[in-house]
Amino acid sequence: MASSSLPISEEEIKKVLLAQKVITETDWENAKKNASRRRRAIEEVLIERGFFNELFLYELLGDLIKVPYANLRKIKLESEIVNLLDEKIARDNQAIPFAIEQDKIKVAFVDPLRKESVDAVTQSLKKPIAPYLTSSKNFFFAAHLYEKNITEELHEIINQKFKQVQGTPSQLDLPIIQIVDVILEYALFDQASDIHIEALPDAVVIRFRIDGELHDKVELPAEVHDAIVARIKILSNLKIDEHRVPQDGRFSFALDGQEESVRVSVIPAFYGEKIVMRLMTDDAQNFSLDNMGFSEKNITIMNRQVTKPFGMILVVGPTGSGKTTTLYSILNILNTEEVNICTIEDPIEYGVHRVNQTQVNPAAGYDFANGLRALLRQDPDIIMIGEIRDNKTAQIAVRAGLTGHLVLSTLHTNNAAGVPPRLLDMEVEPFLVASTLNVVIAQRLVRRICLKCIESYQLSTEEIQALSKEFDLEKMLQRFKELQWIEQKFTKFSELSFYKGKGCKYCHQSGYSGRISVMEILENTPDIQKAIIKNLSSNEIQEIAVKSGMITIFEDGLQKALLGTTSIAEVLSIKRE
């Protein structure tokens with residue numbers, strides 16, 4: 001059995017896991033035999049068998065040893081901070097500096113209880129440090145930042161003797177494999193959601209989407225384009241010799257023992273095929289309503305709704321608004337041993353432990369409607385449908401919600417009140433919609449203000465004048481008071497404080513870091529049910545919902561702007577859609 005990299009002994013690990021009742025004595029003994037036979041650490045086997053995930057284990061350890069856990073894969077690492085510590089000292093002591101706060105340098109250690117390591121790092125940095133716990137996989141992931149930046153690394157690879165390979169794609173030489181690996185690695189370091197590879201007449205541009213914005217990262221010689229495309233097609237099991245029609249695929253790659261999934265889309269373009277790769281996290285177990293952006297009021301509503309044994313929960317919004325992630329966070333709450341959860345998705349975006357996930361395959365006749373019929377024969381308690389796209393799927397989904405199943409899905413409408421009319425357009429009977437629709441969540445994504453450079457300010461006279469042409473500011477101020485978001489003493493909108501990021505090296509001068517959802521939640525109250533049966537318009541349903549206490553998307557965004565979570569500019573961009 002391989003030795004554990006955890007900062008406590010094997011007996012202590014066993015004791016804490018048994019105390020938490022996440023494993024039994026039998027589970028431990030079986031895992032120990034398996035770990036010994038395969039020469040693996042016992043915690044790796046327990047994670048592999050689904051008793052818990054790495055995040056759970058390390059947060060548990062952090063509480064036990066009184067040292068907070070830092071997940072370096074979820075923190076935007078800056079090479080300037082990492083390089084404060086000499087690479088040799090960092091590797092010898094398995095320590096990575098990752099942030100500076102109030103003259104203290106936050107340092108993640110694989111073993112923060114090892115006094116020699118903490119002393120060596122403190123002495124090298126010549127500043128007070130705040131020790132954090134991290135995993136060895138996280139350490140090796142972050143240690144890559146001691147290497148060159150993406151431009152230097154890619155150009156160094158290309159400047160090696162590079163030749164275009166003739167013949168079959170399997171003859172691609174090492175530099176192309178290295179190029180693709182480096183692109184994927186740096187996309188993970190930058191916490192990019194997408195990688196764009198675009199052909200120009202004289203170059204190939206690599207762009208990363210970070211916090212919803214596209215950034216040019218590096219230009220490569222045009223000669224490498226075909227080889228990069230071929231390499232990605234090989235990884236994704238796509239047709240290498242097909243250049244005239246779009247293709248979609250998927251592949252996984254391992255970085256420091258952590259598997260990452262990538263969704264691939266290839267389309268023909270004027271100067272050569274364009275590739276977009278979506279980086280998918282399999283960390284769905286960690287989604288929760290509070291870190292998704294649900295306010296306290298909305299969490300209360302959702303906790304009430306998810307306990308209902310049947311009906312429909314729908315999430316709506318435009319493409320890229322975080323609908324699927326919200327569905328998974330709800331699924332995470334519902335995912336217990338007592339229920340059978342089945343999904344049909346296009347494609348499967350996150351792997352979820354103990355959930356039976358299937359993917360549509362139109363070529364084989366397995367679409368949402370047929371898949372849903374098949375799932376209903378699998379004795380499910382909860383069904384998740386990736387998207388309700390057509391009348392057949394809508395009608396089967398609603399009937400499933402009526403016959404004792406809890407159905408989760410997404411739909412394309414602009415707001416929550418637009419869902420009942422949309423379902424009626426899909427030829428679902430009004431009484432069925434009124435009976436089965438439990439709750440609708442409408443959402444958008446806005447950028448979070450960077451906490452490193454956040455500052456408060458009051459709107460200028462020019463900004464107030466511009467806003468007053470679009471909105472009734474007095475009415476808005478009154479609404480804030482009604483909702484108790486501001487004190488009664490404020491008499492003018494210009495007196496309110498908002499927040500923005502000045503721009504710093506941590507947020508690439510953008511003033512933002514990360515994204516959060518703003519949302520509205522429509523509960524199917526008796527008044528809403530009557531409105532659905534009367535076939536009222538979405539505007540009329542919206543008015544009824546607001547009178548019943550619904551906070552609109554715009555209002556939820558304004559609350560987050562008043563709290564300093566996002567900027568007023570981000571919220572106004574939603575209103576102006």
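A cavity, on a 1 Å grid over the protein atoms alone, is a set of points where a 1.4 Å probe fits but cannot get out, while a pocket is an open set with protein on both sides within 12 Å along at least five of seven lines; lining residues have an atom within 4 Å of a point. Grid points are joined across faces, edges and corners, and a volume is the space filled by probe spheres set on the points.

Before you click: this is a predicted model, in which local features need pLDDT of at least 70, side-chain atom pairs count only at pLDDT 80 or more, and totals for chains, interfaces and linings use all residues. Numbering starts from 1 along each chain as its sequence is written, and side-chain values use heavy atoms, with hydrogens and water left out.

**Stop 1: the cavity**

The structure holds 1 cavity of 30 Å³ or more, and about 90 Å³ of space lies in the largest cavity.

**Stop 2: a core around Phe208**

Now pick Phe208. Contact means heavy atoms within 4.5 Å. Leaving aside neighbours within four places in sequence, Phe208 is in contact with residues including Ile150, Ile183, Tyr186, Ile195, Glu213, Leu214 and His215. Which residues touch the most other members of the largest nonpolar core? Of its 64 residues, they are Ile195, Phe208, Leu220 and Met277. Helix 10 (residues 174-189) gives the most to this core, with 10 residues. A second, separate core of 45 residues includes Phe368, Ala397, Met426 and Ile516.

A nonpolar core is a set of buried Ala, Val, Leu, Ile, Met, Phe, Trp, Tyr and Cys residues joined through side-chain atoms within 4.5 Å. Buried means under 20% relative accessible area, exposed over 50%, and partly exposed in between (1.4 Å probe, protein chains only). In soluble globular proteins, nonpolar side chains tend to be buried together.

**Stop 3: Glu273**

Jump to Glu273, in the loop between strand 8 (258-267) and strand 9 (274-280). Helices (H or I, at least four residues) and strands (E, at least two) are DSSP runs, numbered from the N terminus. Is Glu273 buried or exposed? Glu273 counts as buried because its relative accessibility is 7%.

Show the side chains here. Glu273 makes a polar contact with the side chain of Lys233 (2.9 Å), and its side chain makes another with the side chain of His243 (2.9 Å). A polar contact is a pair of N or O atoms within 3.5 Å; within protein, one must be able to donate a hydrogen and the other to accept it, and residues adjacent in sequence count only if both atoms are side-chain atoms.

**Stop 4: the second largest pocket and helix 23**

The second largest pocket has a volume of about 690 Å³. Helix 20 (473-482), helix 22 (538-547), helix 23 (553-563) and helix 24 (568-575) each give two or more residues to its lining. Of the 20 lining residues, select Gln542, Thr552, Phe554, Glu555 and Lys575, which lie nearest the centre of the pocket. By class, the lining has 8 nonpolar, 4 polar and 8 charged residues.

Stay on helix 23: 10 of its 11 residues are buried, so helix 23 is largely enclosed by the rest of the structure. Its cover includes helix 13 (296-305), strand 15 (437-449) and helix 24. Just after helix 23, Gly564 takes a positive phi of about 85 degrees.

**Stop 5: two loop residues**

Finish with Lys21, in the loop between helix 1 (10-19) and helix 2 (25-38). Lys21 is a residue other than glycine with a positive phi, near 60 degrees, and is exposed, with a relative accessible area of 74%. Gln484 lies in the loop between helix 20 and strand 17; Gln484 also has a positive phi of about 60 degrees although not a glycine, and counts as exposed at 70% relative accessibility.

Note on methods. Nonpolar A, V, L, I, M, F, W, Y, C, P; charged D, E, K, R; others polar.
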